[in-house]
Amino acid sequence: MTDTAAFTATDHALMAQALRLAERGAYTTRPNPMVGCVLAKDGEVVGEGWHQRAGEPHAEVLALQVAGERARDATAYVTLEPCAHTGRTGPCADALIAAGVTRVVAAMRDPFPQVDGAGFDKLRAAGITVQSGLLEAQARQLNRGFLSRVERGRPFVRVKLATSLDGRTAMANGDSKWISGDASRLDVQRWRARAGAILTGAGTVLADDPSLTVRLEDDTPFVPPLRVVLDPGLATIARGRVREGDAPTLYIHTADAKPPREIAAQRAVAPADGSNFDLRAVLELLAARGVNEVQVEAGATLAGAFIAAGLADEVLLYVAPVLLGDQARPLFAGLGIQSMAERARLKIVDARAIGEDQRLLLQPVPAT
């Protein structure tokens, strides 16, 4: 149950600081959520930290290490309920209790089954004042992938596309290099870096030979995302740059495919109707592997399939100031829209210039 006591301006400012700290782990914490913590006494920050990598100390522990004895009688501002269980690290609730913190303000409850209120209960049982719900919408947005995996049983799905002004993604012969400009292609690397998996289809691998790796322009640390190829008959396993580099690759195929023994650890079976995979089952398979966010980088058919199935949570669209003509390939195929009443609506969440292109971040609007 969320506490409803009023929060002060100082509370808001320090929670906003904790959220900024949490975001520093965007490329490295998965499958764990991003978490930030600020410890303050009489409005003065005495310690802060953020979870940096799965298996390493959590945000609260790092903040307590910085604060030392000054943590006694302090308030802890944390972006997610402190954990109450022992995983690869000990319970953060116990660490806060031992340090003598007297108040904990959390942005939100952690829905992970091994926490889910148990952290709050443990803190309250120790006599610590607990309040939650401060900047909860921002905290949920920050960890939308983790929350999707825990609450919906599937990753958050982002479909990334580049298009001309007339809504085309490739020439009729499949040539798509390059619609967008250098700045857009650099920008998309940041989105790739925060994804747990980059997913494409066999057709894209055969036609474009993408590497699906992250190539940042600086030395920002990141965990290489899993490369996922939907390949019913395993037509791509012996070719392509998707097999190269340090990033792991997973081939998802149908039950009647005959995989070679050497890729036993790099494959999984998903149900399909012919060559059309059950995409929800694919996403559930990836969630079971700890994937929080999936970035789909594929052609019109697979992109359209995610839209048609209602499984695209976000569309990342780079619009270049070029025209490709009516013979070029469309953004989405297979939507089956026959009338204006059936049109698929999207809401623009963010729009900005990236070099000469426009980058639109859109969310599908559920049909009424």
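This is a short talk on one protein chain, going from the whole fold down to a single residue.

Good morning. A word of caution to begin: what you see is a predicted model.

Let's start with the whole chain. The protein chain has 368 residues, and 51% of them count as buried. Its secondary structure comes to 10 helices and 18 strands. How big is the box that the C-alpha atoms fill? Along the principal axes, roughly 70 × 45 × 45 Å. Now the radius of gyration. A compact globule with 368 residues would have a value near 21 Å. This chain has 23 Å, which agrees.

Next, contacts. Take those in the chain with a separation of 6 or more: 70% of them are between residues 24 or more positions apart. The accessible surface of the chain is about 17,200 Å². Carbon and sulfur atoms make up 51% of that area. And charge? There are 41 positive and 43 negative side chains. The centres of these two sets lie 3 Å apart.

Now some strands. Look at β8, residues 197-201. Is this strand enclosed or open? Five of its five residues are buried, so β8 is largely enclosed by the rest of the structure. Here is a rule to keep in mind. In a regular strand, side chains alternate between the two faces of the sheet. In β8, Ala 197, Leu 199 and Gly 201 sit on one side. Ile 198 and Thr 200 sit on the other. Every one of these is buried, and both faces are covered. Which strand pairs with β8? That is β9, residues 226-230. The two run parallel and are joined by five bridges. To find one of the pairs, go to Gly 201: its bridge partner in β9 is Leu 230.

Move to β1, residues 36-41. This strand is mostly covered, with five of six residues buried. β1 pairs with β2, residues 44-50, through six bridges, and the two run antiparallel. Val 38 has Glu 48 as its bridge partner in β2. The hairpin of β1 and β2 has two residues between the strands. There, Asp 42 takes a positive phi, near 55°. β1 also pairs with β3, residues 75-78. That pairing is antiparallel too, over four bridges. Leu 39 stands opposite Ala 76 in β3.

Now a helix. α6 covers residues 144-152. Which of its residues are buried? They are Arg 144, Gly 145, Phe 146, Leu 147, Ser 148 and Arg 149. What do they pack against? The helices are α5, α7 and α9. The strands are β6, β14 and β15. After α6 comes Gly 153, and its phi is positive, near 75°.

Last stop: one residue. Find Ala 93, in helix α3, residues 92-99. Is Ala 93 buried or exposed? Its relative accessible area is 0%; buried means under 20%, so Ala 93 is buried. What touches it? Leaving out residues up to four places away in sequence, Ala 93 touches Pro 82, Cys 83, Gly 119, Lys 122 and Leu 123. Ala 93 and Ala 118 are 25 residues apart along the chain. Their C-alpha atoms are separated by 9.1 Å.

That's the tour. Thank you.

Methods: Residues are numbered from 1 along each chain as its sequence is written. This is a predicted model: local features need pLDDT of at least 70, side-chain atom pairs count only at pLDDT 80 or more; totals for chains, interfaces and linings use all residues. Side-chain values use heavy atoms; hydrogens and water are left out. The radius of gyration is taken over C-alpha atoms; the globule rule is 2.2 Å times the number of residues to the power 0.38. Buried means under 20% relative accessible area, exposed over 50%, partly exposed in between (1.4 Å probe, protein chains only). Contact means heavy atoms within 4.5 Å. Accessible areas come from the Shrake-Rupley method with a 1.4 Å probe; for residues, only the protein chains shown count as cover. Lys and Arg count as positive and Asp and Glu as negative; His and the chain ends are not counted. The place of a charge is taken as NZ of Lys, CZ of Arg, CG of Asp or CD of Glu. Two strands pair if DSSP finds at least two bridges between them.
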